[in-house]
Every structure is written in C-alpha cells, then in structure tokens.
Amino acid sequence: MYTQALSTERPAPASAVEDPALLARFQARIDAEERIEPMDWMPKAYRQTLIRQISQHAHSEIIGMQPEGNWLTRAPSLKRKLQLLAKIQDEGGHGLYLYSAAETLGVSREELVGQLLSGKAKYSSIFNYPTLSWADIGAIGWLVDGAAIMNQIPLCRCSYGPYARAMILICKEESFHQRQGYEIMMTLAKGTPKQKAMAQDALNRWWWPSVMMFGPSDKDSVHSDQAMRWKIKRFTNDALRQKFVDATVPQAHYLGLTIPDPDLTYDEASKHWITGPIDWDEFWRVVKGEGPCNKQRLETRRKVHDDGAWVREAAEAFAAKRRKAKRAAAA
C-alpha cells in the first residue's frame, strides 16, 4: 500500500557507472518479462530502487499497526475485536515478509529498522493521521486497504522475483481487510442516524489522504519513469489513483455516503470520475514529518523496539548456543 516513491532525491543514472553491455542485457530480460532473482546480475540503481521501495513498504505495514491498535481494546464487540486483532497480526506478518524480501538484496534487517527509527526512512503518509472513532477502522479498511490493493496487485508481476512472490499472499490478505472495512462502514451507514454520521465523518477525514496515498502526481514523481522501465511498477501514480477513485465513488454512493469533494464530477466521454484539486502542500507537509501523528508514531515504534531488546538478545543467545552445539557434534 505503501510503495509509492516519496524521496525527492534523484538517483544517479545507472549507465554512468555500469557496463552498457550488461545494462542492455539486463533490460532485454526485463522487456522479455523474465524474473530477476537475488543471484542474478542487476544494476546498482535497480537494487537501490528495490531496497528503498520494499523497505518503505515494510515500514508502512509495521507503523500501520498503530492507528488500528488504538481501537483494539475499544472494539464494539468480541467479534470485532477478534477481527481487528487478526488484521493487525496480518500487517505485522506483511512487514516481516517484506523485510525478508529486502534482505535478499544484500541489506540487513537491522540496517533497515535503524533507518526507520532514526527518521531517515519514509513510510506511507496515511499512517500519520489519527483514528478518532470506531468508524475510522472501517474507513481504513475500505479506503486505505482499498488503495493498497490497487497499488499492490500489479506488484505481483514485479520484475524482482522475491518481491512479486511476497505480494501474492499479501494481496490476498489485503483484499480480506478491504472487505472487512467496507462491511463495518455498511453496518454503520445502515444503522442509526448517529452511526451513519460517524461513517460520514470518517469518510470526510480519510478520503483525501487515501487519494494522496498513491504518491505525487506523475509530473512530480521522481522515480516512476525508471521504475516503469524496469517493470518494478506497472502503472503510474495517477493511473492507479484514477482506478481507485473510479472504484470507490460508486461504493460510497451505495452506502448512501457523500464523497467530501464538491468538485467531483463524472466525465461521460472518458467514463471516469474526476476529482477536484488535491492539496499537495498537505501531502508534502506530512511526508516531511509535520502531520498530526508523525512524532507519536516514531516515538511509539522506538519505545517498542527498545522494550523488545531482551527478546532479540535471548533469541541471539539461543541461536549461538545451537551453533556451538552443532559444531561440537560435528567435531
């Protein structure tokens, strides 16, 4: 959900430092829809692009557990609590899959986690907004996970094998999360006037951040062109955003809810829903650390990491003990 480029730094072109013949053969494999595997030769820029994108995706899954965890003890029923707990566990698993995929590119998990905790690495801006009511959990499932699916299904055909394979399972689970969120919103929308008002309020607050989740417009996207040539991405930010809007607006109408965009119109010629102007100033403000919950999210993550140090130390000690025993047995 969460893999659109946020960095504003332009990477050096791979051709400036690498053998043109190797680059040509590599691109020929990409054009032929061959999968690139960890032991295959790849341009340095391809490797770095994947590390940045996969690690950002992993960080987003881990940070994304927080806004939903805020409602875990306050879910309105035992059934809802169990569903939310299962979803949060899924997201933790997604982060682990993705860190493992990134490790195949020669970067350690410790390094990636360190970049997140230091604030150097980015994660999806959507998780820097607060969850103020139970309806927000429905809106996150419906809108945020819905946007994730639009972005992630094409990643199942990513040119890098480990990432593509990880995305197959992740997309199955994200699809379930989206349906679960929509069911929560439907229950509220068909409930009392107060419950429907809660659903509308959540939609009002999560709509634009969800639309912005796909990253900056194509004209401002630093990495998209190269990622498309390498078939890491299959669609541009704006194309994915349009697919999301076209799918989601009719869903809101079915719920009897109003999209918070007075300029939203349906274009008969293109058969697309056209949104009003997006507030990109807000997007970049949140990306740069000035959102409602940026500081809180990282402080919470750092505290959890520090509190869990004893678990990592115990696991490392146990692994060292097993290695020592194996060496003794082999001798």
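Colleague: What should I know before I start looking?
Modeller: The model is predicted, so local features need pLDDT of at least 70 and side-chain atom pairs count only at pLDDT 80 or more, while totals for chains, interfaces and linings use all residues. Residues are numbered from 1 along each chain as its sequence is written, and side-chain values use heavy atoms, with hydrogens and water left out.

Colleague: OK, how many residues are in the largest nonpolar core?
Modeller: There are 82 residues in that core. A nonpolar core is a set of buried Ala, Val, Leu, Ile, Met, Phe, Trp, Tyr and Cys residues joined through side-chain atoms within 4.5 Å. Buried means under 20% relative accessible area, exposed over 50%, and partly exposed in between (1.4 Å probe, protein chains only).

Colleague: And which residues have the most contacts inside it?
Modeller: Tyr 46, Leu 50, Tyr 160, Tyr 163, Trp 206 and Trp 207. Helix α7, residues 161-189, gives the most to this core, with 10 residues. Helices here are DSSP runs (H or I, at least four residues), numbered from the N terminus.

Colleague: What does Leu 50 touch?
Modeller: If you skip its neighbours within four places in sequence, Leu 50 is in contact with Ser 55, Leu 105, Cys 158, Tyr 160, Tyr 163 and Ile 232. Contact means heavy atoms within 4.5 Å.

Colleague: Back to α7. At what angle does α6 cross it?
Modeller: Roughly 145 degrees, and the axes of α6 (residues 134-152) and α7 come within 7 Å. The axes are lines fitted to C-alpha atoms, for helices over the stretch in contact, and angles run from 0 to 180 degrees between N-to-C directions.

Colleague: What kinds of residues make up that contact?
Modeller: The residues where α6 meets α7 divide into 13 nonpolar, 8 polar and 2 charged. For that count, Ala, Val, Leu, Ile, Met, Phe, Trp, Tyr, Cys and Pro are nonpolar, Asp, Glu, Lys and Arg are charged, and the others, Gly among them, are polar. On the α6 side you'll find Trp 134 and Asp 145, among others, and on the α7 side the list includes Glu 174 and Tyr 182.

Colleague: New topic: how many salt bridges are there?
Modeller: A search of the whole structure finds 14. A salt bridge is a side-chain nitrogen of Lys or Arg within 4 Å of a carboxyl oxygen of Asp or Glu.

Colleague: Which partner does Asp 145 have?
Modeller: Lys 87, with the closest N and O atoms 2.7 Å apart. Asp 145 sits in helix α6 and Lys 87 in helix α4 (residues 78-103), 58 residues apart.

Colleague: Are those two buried or exposed?
Modeller: Asp 145 is buried at 1% relative accessibility, and Lys 87 is buried at 3%.

Colleague: What about Glu 33?
Modeller: Glu 33 pairs with Lys 231, the closest N and O atoms being 2.8 Å apart. Glu 33 is in the loop between α1 and α2 and Lys 231 in the loop between α9 (224-229) and α10 (237-255), so the pair ties together parts 198 residues apart in sequence. Glu 33 is partly exposed at 44%, while Lys 231 is buried at 17%.

Colleague: And which residue bridges to Arg 29?
Modeller: Asp 40 does, with the closest N and O atoms 3.3 Å apart.

How values were computed:
Helices (H or I, at least four residues) and strands (E, at least two) are DSSP runs, numbered from the N terminus.
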